[in-house]
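Hello,

Here is the structure for your files. Please look it over first; my notes follow below.

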Amino acid sequence: MADYEAVQRGPLRLKGSGAALGAGKRKKKKAKDKAQILEQIVSSKKQEEEKKRGLDKRTPAQVAYEKMQEKRQMERILKKASKTHKQRVEDFNRHLDTLTEHYDIPKVSWTK
């Protein structure tokens, strides 16, 4: 029992909390004008675009190729989005009906 007499009783005190920091006093952050924030965002975007233009070492053919890739990708997305799931299933079933019996899955049975 003598080993446990030196144990501190009461609530646990953590470093950096409580009386050391002023017990709940917090500094309020200063609110910036929304206009200033918007100006900073716009200016940063302009700077990024200028950097991209300056660092862009692609040839005109490469730029045109990437634009065409984006255009084709958008066309694919619009084509897929034009049909509902039900329409796709109906089209797929019609396609399966047109196939010959050669493509049918053979029945496999252990018992006859």
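In what order do the elements of the chain run from the N terminus on? They run α-α-α. The chain has three helices and zero strands. Both are DSSP runs, numbered from the N terminus: helices are H or I with at least four residues, strands are E with at least two.

Some ground rules. This is a predicted model, where local features need pLDDT of at least 70, side-chain atom pairs count only at pLDDT 80 or more, and totals for chains, interfaces and linings use all residues. Residues are numbered from 1 along each chain as its sequence is written, and side-chain values use heavy atoms, with hydrogens and water left out.

Confidence

pLDDT is the predictor's confidence in each residue, from 0 to 100. Its mean over the chain is 79. A value of 70 or more is reached by 79% of the residues. Among the helices, confidence is lowest in α1 (residues 34-55), with a mean of 79. It is highest in α2 (residues 60-82), at 92.

Surface

The chain has 112 residues, and 0% of them count as buried. Buried means under 20% relative accessible area, exposed over 50%, and partly exposed in between (1.4 Å probe, protein chains only). The chain exposes about 12,700 Å². Carbon and sulfur atoms supply 57% of that area. Accessible areas come from the Shrake-Rupley method with a 1.4 Å probe; for residues, only the protein chains shown count as cover.

There is a nonpolar surface patch made of Ile37, Leu38 and Ile41. Together they have about 260 Å² of accessible area. Patches take residues with over 30% relative accessible area and no salt bridge; like charges are joined within 9 Å, nonpolar side chains (Val, Leu, Ile, Met, Phe, Trp, Tyr) within 5 Å. Isoleucine 37 sits in helix α1. Its relative accessibility is 36%, so it counts as partly exposed.

Salt bridges

The whole structure holds three salt bridges. The criterion is a side-chain nitrogen of Lys or Arg within 4 Å of a carboxyl oxygen of Asp or Glu.

Glutamate 66 is partly exposed at 35% relative accessibility. Arginine 58 is partly exposed too, at 37%.

Lys83, Asp91 and Arg94 are linked in a network of salt bridges. Lysine 83 meets aspartate 91, with the closest N and O atoms 2.6 Å apart. Aspartate 91 also bridges to arginine 94, where the closest N and O atoms are 2.7 Å apart. Aspartate 91 and arginine 94 both lie in helix α3 (residues 85-98). They are three residues apart, about one turn of the helix.

How accessible is aspartate 91? Its relative accessibility is 27%, so aspartate 91 counts as partly exposed. Lysine 83 is partly exposed at 39%, and arginine 94 is partly exposed at 49%.

Best regards
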